[in-house]
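Subject: A structure for you to explore

Hi there,

Here is the structure I promised to pass on. Please have a look at it first, and then read my notes below.

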Amino acid sequence: MAVPRHPGEDQSNSLREELARQEPASQRTFTPSLAVIERSAGVFHWTPEGRRLFDFTSGVLVANLGHNPPDWWERWRRYLSSGAPLTAYNAATPVEVAANRGLLDLVRSRPGGQRLEQVLWAASGSEAIHKALAAALAFRRPRDTILATRHGFHGKKGLANAVTGCESDPDRDPRVQFISFPMAECRDLSQRNEPFDSTQYRRELESAWSRHRGQIAALITEPYLGGGGSFHPPAAYLRLLQDFCREHEIVFILDEVQSNFGRTEKLFAFETYGLEPDLVVLGKSLANGVPVAAVVGRRDILASQSYGEASDTWSANPLSGAAVRATLDAYADGGLLERRTMASEIVERGLVRLKELPSVAAVRGERHGMVWGVETCDYDGRSASDWANAIVEWCYRGDGTTGIHLLGPLAQRVIRIAPPLVLTQEQAADALEHMKRIMEERMN
């Protein structure tokens with residue numbers, strides 16, 4: 001695979017070539033720009049050449065508080081200042097207990113979180129999803145079937161990989177069966193207020209229950225399809241899934257690894273969509289860049305496994321616990337979400353304007369949240385995928401001084417827009433004007 005090269009980036013080009021010799025392509029997903037980032041602060045990255053990039057990725061929905069926030073760093077250091085070890089395998093530390101307390105107090109204080117009583121830590125979202133599913137299978141033994149919504153992304157490890165994608169994927173775990181996600185009903189923001197007919201989805205669920213003779217142990221879904229192309233469903237659909245699970249005593253697992261901590265209108269997506277999950281999986285922005293994830297759920301479900309069945313080297317380590325505490329502090333007064341909502345409205349208006357361009361087919365996203373998908377289409381002899389990749393590269397190059405950092409397209413044709421929540425109204429207006437100007441100039 002050719003190594004991306006960009007004019008005027010001698011240092012970055014040299015580093016890209018060295019990286020290609022040192023690491024396999026499988027280390028990362030394909031992004032046309034392959035940005036080289038030397039430093040970051042707030043909502044910006046800088047390349048070794050000094051070019052400034054608006055970060056419209058937040059890492060990958062991780063840096064919700066922005067990059068290198070001084071207050072966060074100060075809190076994190078303070079929580080570790082007592083000389084806590086960086087690893088404490090098979091032991092307990094005060095910082096772990098405090099992180100548990102803080103996370104449970106926060107989650108249980110939110111509408112829909114009262115059923116969530118314990119924390120099961122993990123080092124990544126994939127591992128947390130695997131742990132949630134394993135706990136659900138143990139709790140509902142001898143049931144062994146898992147339902148997952150089609151085209152979701154839950155991870156690349158173990159059971160997390162098994163519930164990702166759809167039934168056409170090779171080597172599928174036979175315990176996993178897929179059900180439809182209402183993609184047709186949420187292809188564009190203009191469909192937000194259209195009535196939702198749940199009849200076909202209800203029939204599909206009952207058919208699955210009958211077909212598997214009552215052996216369904218768990219159902220897992222994302223609040224919105226992230227990696228599948230940024231599809232944001234009617235709340236009634238997710239409540240239908242929950243009602244089905246309640247009726248048949250199925251463990252309802254909500255994968256909030258991407259959506260937690262303010263990507264949807266509320267702090268957690270279960271609040272936004274009016275849900276009460278049995279297990280909710282948190283990650284990515286949970287520690288604003290320090291690798292950590294968690295399953296927060298019902299005590300009886302998480303108690304279904306014995307010593308060692310959910311342990312690993314890095315889970316609940318003090319470094320991550322301190323990072324979680326520092327992150328929770330940043331959300332304590334609610335002001336961050338209020339400011340995010342004002343910037344969100346500006347971003348959304350700017351993205352809707354992109355639909356004036358002939359290669360942009362649709363824009364989807366969370367109302368008052370901070371995540372969208374811009375879908376391209378076939379146009380002027382070029383495929384939607386070609387246009388999406390070209391837009392990522394054009395935005396990266398920008399005007400030579402300022403650009404916009406985007407990841408490679410989702411589902412080959414959808415560009416995810418997910419700036420840090422600390423984006424100001426002025427920054428939002430500047431970035432979206434910059435983005436539209438770049439796209440117009442390159443397409444004409």
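**What I found**

Helix H5, residues 125–139, has 15 residues and reaches 21 Å from its first C-alpha to its last, close to the 21 Å expected at 1.5 Å a residue. That expected span is 1.5 Å times one less than the number of residues. Helices (H or I, at least four residues) and strands (E, at least two) are DSSP runs, numbered from the N terminus.

Before going further, please note that this is a predicted model, in which local features need pLDDT of at least 70 and side-chain atom pairs count only at pLDDT 80 or more, while totals for chains, interfaces and linings use all residues. Residues are numbered from 1 along each chain as its sequence is written, and side-chain values use heavy atoms, with hydrogens and water left out.

Back to H5: how many of its 15 residues are buried? The count is 12, which makes H5 mostly covered. Buried means under 20% relative accessible area, exposed over 50%, and partly exposed in between (1.4 Å probe, protein chains only). Among the buried residues of H5 are Gly125, Ile129, Lys131 and Leu137. In the loop between H5 and strand E5 (145–149) you will find proline 142.

**Helices H4 and H11**

The 16 residues of H4 should span 22 Å at 1.5 Å a residue, and its end C-alpha atoms are 22 Å apart, which agrees. Two packed helices are described by the angle between their axes and the distance between the axes. For helix H4 (residues 94–109) and helix H11 (residues 318–330), the angle is about 35 degrees and the axes are 8 Å apart. Axes here are lines fitted to C-alpha atoms, for helices over the stretch in contact, and angles run from 0 to 180 degrees between N-to-C directions. The crossing of H4 and H11 is left-handed, meaning that the near helix is turned anticlockwise from the far one by less than a right angle (clockwise would be right-handed). On the H4 side, the contact is made by Val95, Ala98, Ala99, Gly102, Leu103 and Leu106; on the H11 side, by Pro318, Gly321, Ala322, Arg325 and Leu328. Contact means heavy atoms within 4.5 Å. The cover over the buried residues of H4 includes H3, strand E4 (118–122), helix H9 (269–272), E9, E10 and H11.

Arginine 325 also lies over the face of tyrosine 79, at 3.8 Å from the ring centre. A charge sits over a ring if NZ of Lys or CZ of Arg is within 6 Å of the ring centre and within 35 degrees of the ring normal. Arginine 382 has its charged end over the ring of tryptophan 387, 4.6 Å from the centre.

Rings of Phe, Tyr and Trp (its six-membered ring) pair if their centres lie within 6.5 Å; planes under 30 degrees apart count as stacked, over 60 as edge-to-face and the rest as tilted. By this rule there are 14 aromatic pairs. The rings of phenylalanine 196 and tyrosine 201 have centres 5.7 Å apart and planes at 25 degrees, so this pair is stacked. Both of these residues are buried. The rings of phenylalanine 196 and tyrosine 237 have centres 6.5 Å apart and planes at 90 degrees, so that pair is edge-to-face. It links distant parts of the chain, 41 residues apart: phenylalanine 196 is in the loop between strand E6 (176–179) and helix H7 (199–211), and tyrosine 237 is in helix H8 (residues 235–248). Ring pairs link Phe181, Phe196, Tyr201 and Tyr237 into a cluster.

Tyrosine 237 is buried, with a relative accessible area of 1%. The buried residues of H8 pack against E5, E6, H7, strand E7 (216–221) and strand E8 (251–256). After H8 comes glutamate 249, with a positive phi near 55 degrees.

**Tryptophan 72 and asparagine 288**

Tryptophan 72 is in helix H3 (residues 70–80) and counts as buried at 5% relative accessibility. Beyond its neighbours within four places in sequence, tryptophan 72 is in contact with residues including Leu65, Asn288 and Ala326. Asparagine 288 is not a glycine, yet its phi is positive, near 55 degrees.

Happy exploring!
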